[in-house]
Structure formats: C-alpha cells, structure tokens
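Work through these exercises with the structure open beside you. Try each task before reading its solution.

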2 protein chains.
Amino acid sequence: MDEPLSLFTAAYLRDFATAVFKHFGVCKADAELAADVLVKSDLRGVDSHGVARLHTYFEMLELGRINPKPNIKIVREKTSVASVDGDNGLGLVVAPKANEIAMVKAEQHGSGWVSVCNTNHFGFAGYYPLMALERDLIGWAMTNSTKLVAPLWGAERMLGTNPIAIAFPGYQEPPIVIDMATSAVAYGKIEIALRKNENIPTGWIIDRDGNDTNNPQDMLAGGAQLPLGSQKEMGGHKGYGLASMVDILCCVLSGANWGPFAPPFALRQEIPERQVGKGIGHFFGALQIDGFIDKDEFKKQIDEWIRVFRSTKPAPGTHGPLIPGDPEREAETIRSKEGIPLLKAVVDDLLDISRKTGIPFGAK
Amino acid sequence: MDEPLSLFTAAYLRDFATAVFKHFGVCKADAELAADVLVKSDLRGVDSHGVARLHTYFEMLELGRINPKPNIKIVREKTSVASVDGDNGLGLVVAPKANEIAMVKAEQHGSGWVSVCNTNHFGFAGYYPLMALERDLIGWAMTNSTKLVAPLWGAERMLGTNPIAIAFPGYQEPPIVIDMATSAVAYGKIEIALRKNENIPTGWIIDRDGNDTNNPQDMLAGGAQLPLGSQKEMGGHKGYGLASMVDILCCVLSGANWGPFAPPFALRQEIPERQVGKGIGHFFGALQIDGFIDKDEFKKQIDEWIRVFRSTKPAPGTHGPLIPGDPEREAETIRSKEGIPLLKAVVDDLLDISRKTGIPFGAK
C-alpha cells in the first residue's frame, strides 16, 4: 500500500461502529455484535471486510434498505435443521443469531444446519466458525453475494464470490481455520492492480465479451471474475461447482435470491430487476465432535496433523506450507497489540460518517 | 484413446464383478452392491473408477488385505451424527451402508452425518449423492485417498485427490450433481499424457524437488500433483484448504489414517510405515429439504436455476456453461443404450481375473 496508514485500537473502532449502528435504531446488543464481527475482520487482517465496509452499511441503513430492528425468526425446523428469515436485518446481526441456532442444535443433537433468507452482507465468513471453536464445535459458514463471477464457459457475471469457511479446534496447537472465496482471487486484488495501474495474471478475470485479459480495467468495463481453477484444463469447472453449491445451500434452500439475482451490497451497483426470493442467503453448520470421536483425541490428532504438515519438505523459494488460518492468526496477534492500520481512504469514510451522525471519530 | 475398444452391457459387467466379489466370500447382497457402485461409474463415463479398478480389488482380496465379510458397526452416535468402523471391508460395501445411516438420520431428524474409518476405496464419490437423490435428499460424500497431492508451497505428496460430491434434485430438470477432486486435475489426465508422450500444462504437477514442470514423467519420478488453483496467485491455497477439510472430516473425525498416512489402494505403492488410525476414511451427509423449505418449491427453483444458468451468455468458442452433472448424465444415457466401451488393457485385466477365478468372461 502506498497510502498513509493510521493506527486504531480494536476497542476504539468497535465503540465507533457500535455507536453508528445504534444511531440508526439498532439495539445495543445487536450493535455491539455487528461491530464485533466487523472489527474482528480487521484484527485478522481481512481489511476488505472490516470497518472499510462501515460506510456502505451506513448508506444502506440511511436509505432504509436495511431493517435496523428485524424480527428474526425460524420459518421451518426439524431436530437438526432450520431455515431462518432475517427480516432484512443487518447480516452482521442475522448471521451470528442463525449460527447460534446451528450451534445449539449441534450441542443437543450432534449437528445443526441453518439456511437463512432475507438477510444482508454478513462480514467475513471466518467469524462464524471462530464462534463455533469457542464451544469446541466444528463450524461451517457460507454466503452468496453480489454477482461478480462467471461460470466456466460463461461470458457474464452470474455468481458471487460465495465463500466457504470451516474450522477445526486443536489441543495445544492453534485451530485450523479455512476461509476462502470460491473465485480465483478476491476482488480486492483486482482493485489493488487498478490502483497501481498494473496488469493482472491471465485467469483472474475475463472481459465483457468473455475473452481472457490481463487488464484490470476490463473488470470495470463489464467483465467478470473467474471461478477458482479459472480455465477448464486447470479445474475452472470445480470452482464453478463450489460456487453453485454455496449459492444453492444459501439461497434455494432458504428462499433467498440466488445467482445473478442477489441484491447488491453497494449503492453504485444496479439492483436486479427480477427477484426470485428474499434478500441474500447464508448457510451455517456445526458438528459436535463428541458425536463422532472423543473430543480430546480429535484435538490431539489435529495437533499432530498440524505438526506433520508444517514439516512438509518446502517448495523452492518458500518456507513450506502454511496451516490454513496462520496468516489471520498472526495478524490478530500483531494488531491486538499494535493496533489496526487503516488506509487514509477508510479513515476519510469514517470521518464522513462522523460528520453526518455527530458521533466523534478521530485519529487517537 | 488410440487403443481398441470393446462394448459390454452394464448388466454383463455387473454380473461378472458380482461373481468376482462372491468368489472371495463376499455375501451375495454385498457383492451386488459393490458391483453396482463400480459399473455405475462406467455408465456415467467415469472410466477411471469403474471396472478398470476391479483387478486391484481382486488383488487386494486375494492377498487378504481387504476383509470380505466385515462387521460394519456404529462406534459412536448422536441424534444426527455417527461414526462407523468399516472393519477393513470393501469401501464399495462399507460406504453405501454408512451413507444409508446418514440418509435415515436425515429422514428422521432433518440431517445425518457419518464419518467412517477402517474402510477402503469407495469407487466414485458421485454414487452416494445419487443414492440420496432417489430419496429426495441433498447428499454429500467425501473420501481421502493415497497421497498424490502437495500442499501449496510443499514439495512432497501429503494429501490424496480427496474428492467432494454433492447433488440437488430438480423437478422437471435433471439434478445438479457436483463431483470433483480437490486436485487441479484427475491423475488420469497425467496418465493419458504419459501414454501419448505429451507435455502437460504448468500447474498440474511439480517435480520431486518442488519445481514446476511440464513433463508428466516427473510425476512417476517422485513428483506430486498440485491442489486446485495450483499456484498461490491463482488460489492454490484454496484447493489445499479444501483437500485438508476433506482429510480431517473423513479421517481425524473418524479415527482413520489422514494425510500422507493413507494406506495405498494399489499394490505397487508403498505402504506408509507409520499408522495414525485405521484404514482410510469417508464422510457422508444428507439433508432433508422439507426441514428447510417446501420440497417441491425447492425443486422448482432448482429447475429455474438450471434454466437461468443454461442461458448464460457463452464465452467465445464455447456453447456456454454446463450444469454440473451434464456430461455424466449424457454418458449414462448413451452407455445404457449402446453399452460400455472398455480399453483393451481393461479387458485384458478382466480376462486375467477370469483365468484366475474360473469365472467366465468374454467379449459379447
């Protein structure tokens, strides 16, 4: 990054975000929850899904496009599954509550699975399995999102970057936390190339006619991201398959808007003319380890798994494989101590919110 | 393929495979089940996992490395989850029975999840979600397998090609069936390049020192396959993450041999010195749609999903996106009518089994 950075403590950003949500009538507990999801993303180094998004939440709330006081309810339920209607609330509030339902079911019945409709952007997917880890559960989370990705052999945006997250607790070792979009790269990497005026590798995006391109401007001109695998011979149908799986579990199973009909989470993006459901969708799962195997035995094997994989012979020019979740955990250690660095553009957005709401914000 | 092909009906191959399994003392029902899994793979065009593998099963049974009369039992259980010990039986028998447990739980409690240890190669992963479709369930299947794949930034084989399969039923449209290895390509594609003496694309494999290579011989010389995404900048950490997820759900959760310790399914491959569990592992899941949303409403939305995705603007030089499962379903239609084509090498293997067992086999 070439822009100047300011440092903020997590507590300061959490308090600010909480106040912003409360400003729109979100109750205290929900506002704190939403702020925690956002700032946890910053702590873990996932800058794209943290307070950098607060201005968009702010705009959506201001325009009345998100319901600050949702009546979140279970629409259908069986012993180990449920579907939830988020009443167009903040995804940052709806999602933790739906995930809680999945976790309680897992504690009672071995597993819990919740599909959610009528919800909005839920922050970073990894937050939800992290909640499950605190209760020694294996947690899963998925969500659909605004269309950005073309299916393999398609020449237009049909799917979101539809992430999948899952986490496994260790005993003495830290947990394994997988949190990945099903696109070849995060949209943020294309934005960085745009800012730096650099080319991007073949396989990240196609242009508006469906041709391969190395020019990130082609994305802005109506191109599309490619799914994980990018091309057929490299497994692009697999990334497309995974994105489709997420789309169906989150949306078709809950009654949300799937595929290209997902309502956008940014004001500048056009709202699809057609609706096939309510809001966007999420999918949460939780598994109770003791239903399968002794919990401590499992966690000790995870420790051993981690140690064995860490000792893999390294590829040339690397220090060997990382364990999924390593970079985010290391960021959290550093940022908890030293603070969260924000780009000037993000600080400006927060100052804009401050001006418009009267909630104080400043470099500290 | 350059080799001559012979055509066989599915029924003929099923009868032969059934007789082979019975020859080793597998009971009639189990032998028929195992043969059905194998031949269904051939019918669906997944030649690598069909009767082409029968000679390996034959060898493993002959050497006493697979138990023909396993006492398959539930080791632990909660309402919606269980772990199963396959008693070193044929994966082709253990897996359908474990999947059945998951499906019954789903019918009773909304979902069912079963992790399996002490089992062997289970054929093609898609078989199990296809079983779930017959009962209007959403079915999942995963398995670990012999090490072939390096984690991103690793220079040695640590994971199997660890497939994930999941299927969703349509109403008038055929189902969506996702069945994918978490490696960049199937090992079979490397074998084809070897046979044809052709180069392979960068990103399929690395050589024994961890360097990129286009020479498929480097795989035989101790190289490794790369995970889906191949390189860091193309998302190779995501394929590695997915393969790890499969490894842990199938093996750590059940008490099977994870990662590089998976016992091989071919006689020529070396058996790992260290054991960290029993056999290989599978993981099955089933979701009852009615626990989330009206089943017919779901299936009609799946129809609409399929139609919308089929009408995606095509990329240049293509006919547009396929729906996952299209190629396999089309193969099944053709092969059910015209027969299953087998390579001469496969026919020779089956003739060898015939000679050694006295079970008649011949071109028909």
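Copies are superposed by least squares on the C-alpha atoms of residues with pLDDT of at least 70 in both. Keep in mind that this is a predicted model.

**Exercise 1. Symmetry**

Task: Find which rotation superposes chain A on chain B, and with what shift along its axis.

Solution: 
- Step 1. Chain A superposes on chain B by a rotation of 180 degrees, with 0.0 Å of shift along the axis and an RMSD of 0.0 Å.
- Step 2. The two copies are therefore related as by a two-fold rotation axis.
- Step 3. Now locate the axis. In chain A, A:Gly229 has the C-alpha nearest to the axis, at 2.4 Å.
- Step 4. Compare the two contact surfaces. Of the contact residues of chain A, 100% recur in chain B, and the same surface serves both copies.

**Exercise 2. The interface**

Task: Describe the contact between chain A and chain B by residues, area and polar pairs.

Solution: 
- Step 1. Count residues. Chain A gives 98 residues to the contact, and chain B gives 98 residues.
- Step 2. Take the area. About 7700 Å² is buried between chain A and chain B, and carbon and sulfur atoms give 68% of that.
- Step 3. A:Trp153, A:Lys238 and A:Phe292 supply 10% of the area that chain A buries against chain B, more than any other three residues.
- Step 4. A:Arg76 forms a salt bridge with B:Asp290, with 3.8 Å between the closest N and O atoms.
- Step 5. Assign the surface. Helix α8 (residues 236-252) of chain A gives the largest share of the side of chain A that touches chain B, 11 residues. By class, that side has 53 nonpolar, 30 polar and 15 charged residues.

**Exercise 3. Salt bridges within a chain**

Solution: 
- Step 1. Check accessibility. A:Glu332 is buried, at 16%, and A:Lys40 is partly exposed, at 22%.
- Step 2. A:Lys40, A:Arg44 and A:Glu332 are linked in a network of salt bridges.
- Step 3. B:Asp326 is buried, at 3% relative accessibility, while B:Arg329 is partly exposed, at 24%.

Conventions: Residues are numbered from 1 along each chain as its sequence is written. Chains are lettered from A and ligands numbered from 1 in the order in which they are written. This is a predicted model: local features need pLDDT of at least 70, side-chain atom pairs count only at pLDDT 80 or more; totals for chains, interfaces and linings use all residues. Side-chain values use heavy atoms; hydrogens and water are left out. Contact means heavy atoms within 4.5 Å. Buried area is the accessible area (1.4 Å probe) that two parts lose on being put together, summed over both. A salt bridge is a side-chain nitrogen of Lys or Arg within 4 Å of a carboxyl oxygen of Asp or Glu. A polar contact is a pair of N or O atoms within 3.5 Å; within protein, one must be able to donate a hydrogen and the other to accept it, and residues adjacent in sequence count only if both atoms are side-chain atoms. Helices (H or I, at least four residues) and strands (E, at least two) are DSSP runs, numbered from the N terminus. Ala, Val, Leu, Ile, Met, Phe, Trp, Tyr, Cys and Pro count as nonpolar, Asp, Glu, Lys and Arg as charged, and the others, Gly among them, as polar. Buried means under 20% relative accessible area, exposed over 50%, partly exposed in between (1.4 Å probe, protein chains only).
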